[in-house]
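Hi there,

Here is the structure I promised to pass on to you. Have a look at it first, and then read my notes below.

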Amino acid sequence: MFSTLVGNDTVKLTLKRLIAKNRVPNSLLFAGDDGVGKRQFALELAKTFVCVGKTDGGEACGVCAACSRASSTTLPKSDDKEAHKRVIFSDHIDVGSVIPYNRNILVDAIRHLESEANYRPYEAPARFFIVDDAEKMNDAASNALLKTLEEPAATTHIFLITSRPDSLLPTIRSRCQTLRFAPVETGEIEKYLIEQRAFSPDEARLAARLARGSIGRAVSINVEKFRIARDRMLAVLTNAIQTGDVAALLRIAEEMNDAKNKDAFEDNLDTLQTLIHDVWSVRVGGETAALVNADLADRLLDLAATGRSADFMRWHAEIDTIRENLIVNINRKVAADALFISMTG
């Protein structure tokens, strides 16, 4: 049921109206930031068709065998390229997904979708195909999908999930009705983490603020590990603003790139950038209650009193540049060293 999903009540209302009027389009584009629940909404809509025990409002019951099968999908291993060349069906034969292999959706997978889309449903009134990260289709895959969208079978629905709708071909966007998802409110995320994920109130408060509107990001945060990493990034700011200890900064850069931490390099940058933003906000008169790291308010106030707004703005921009350059495989150790040294200048 849509009531079990967090946030985006406007989208819920739209989908309920489409279901009630039996006017669900053959092609829908679910557009919004990563982690706001787009795939869950798409799957819930598909389940309203396959469900055998619908609610009075026509929504899926969520407990019948058909709903359970539609919700269960065994994903292939990330390095199994052959498996990613096909539609990956859930335990319900009428609900399938296409997912990227590495950074690309393979054209073979879209061609397989095209073939499957022509078959009549096996059990349900319609078949459903969810294309995850649709912006990762190359030109060949996009053109293959376009053929299916141009002449959809009456009993086939294709749901595209994307955080970057502008990256899709205009001809694809024009053939889909778009549903736009907003970031989930912090209070809603906090409530969900406490009631559904057994977070403590303190953990939920911090995770909800860090999530930046993404329920998926909030759920994935290990608050204990985050606090340990945050202490290291707070030491970066302390050394940059107050002590000027370049040697200490270079040791932290070394730690960020050692074997046990290298996979968290981007997360560490995010954490540092969030701390910088908080200190910057305090410096220009922002309320401490609105900080992401509000539990560190006293320490951040101390740093803000010593630092300069121009520096905070420059450091924030430099981290953005590093993140963009990661796409071309820059040397992360060199990048971290250069950033930290520049922060003491």
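Lys12 is buried, with a relative accessible area of 10% (buried means under 20%, exposed over 50%, partly exposed in between, using a 1.4 Å probe and protein chains only). The side chain of Lys12 meets that of Asp9 in a salt bridge, 3.4 Å from N to O; the term stands for a side-chain nitrogen of Lys or Arg within 4 Å of a carboxyl oxygen of Asp or Glu. Asp9, by contrast, is exposed at 51%. Helices here are DSSP runs of H or I with at least four residues, and strands are runs of E with at least two, numbered from the N terminus.

Please keep in mind that this is a predicted model, where local features need pLDDT of at least 70 and side-chain atom pairs count only at pLDDT 80 or more, while totals for chains, interfaces and linings use all residues. Residues are numbered from 1 along each chain as its sequence is written, and side-chain values use heavy atoms, leaving out hydrogens and water.

The whole structure holds 24 salt bridges. Another of them joins Arg314 to Glu318, with the closest N and O atoms 3.2 Å apart.

Finally, look at His84, in the loop between α3 (65–71) and β2. His84 is buried, at 3% relative accessible area.

Enjoy exploring!
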